[in-house]
Amino acid sequence: MRVSRTPPPTAAAPPEWIAGAAWVDEIAVPEGASRFRVDSVHFAPGARTAWHRHPLGQVLHVTEGTGLVQCRGGEVHTIRAGDSVRIAPGEWHWHGASPTAFMTHLAIQEVAEDGTEAERGTHVTEAEYTTGSLTC
């Protein structure tokens, strides 16, 4: 067992992955034989990920605030503190804060054997986000 008392510093989310302001805290990173990764991501109102997919899927667990999530071709869903979302392996999706509230979630995924964590697609446009007419 290893106890970590000094976590890595909070980092700004990279703009190629996130539209708007968001911050990431690493909770667990793959180490040794483990391929398990957990990040706490804090989105400012209106901030959201680009379309992306994870080779082995992802679980999101909202810890505070109100957010939105959509899988390609599906409806936009509102998510709130206490909600969990399971995203299937290879499923294109995006997630982020609602237009008027901050949202923090734990992003939990297993990294593929080749080290792939996610594949990024295009950004969700402001017009798509605000009208709710998000499509492929």
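## Charged side chains in a predicted model

The charged end of Arg120 sits over the ring of Trp17, 5.9 Å from its centre. Keep in mind that this model is predicted.

User: Which ring does the charged end of Arg72 sit over?

Analyst: Here we look for a charge above a ring, and the cut-off is within 6 Å of the ring centre. For Arg72 the distance is 5.1 Å, and the ring belongs to Trp51.

User: How many salt bridges does a search of the whole structure find?

Analyst: Side chains of opposite charge can pair when their charged atoms come close. Searching the whole structure for such salt bridges gives a total of six.

User: Is Arg37 buried or exposed?

Analyst: Buried means under 20% relative accessible area. Arg37 has 12%, so this residue counts as buried.

User: How many residues apart in sequence are the parts that Arg48 and Glu126 tie together?

Analyst: The side chains of Arg48 and Glu126 form a salt bridge at 3.2 Å, N to O. Arg48 belongs to strand β5 and Glu126 to helix α1, so the pair joins parts whose separation in sequence is 78 residues.

How values were computed: Residues numbered from 1 in each chain as written. Predicted model: local features only at pLDDT ≥ 70, side-chain atom pairs only at ≥ 80, totals over all residues. Heavy atoms only, no water. Lys NZ or Arg CZ within 6 Å of the ring centre and 35° of its normal. Salt bridge = Lys/Arg side-chain N within 4 Å of Asp/Glu carboxyl O. Buried < 20%, exposed > 50% of the residue type's maximum accessible area, 1.4 Å probe, protein only. Helix = DSSP H or I, 4+ residues; strand = E, 2+ residues; numbered from the N terminus.
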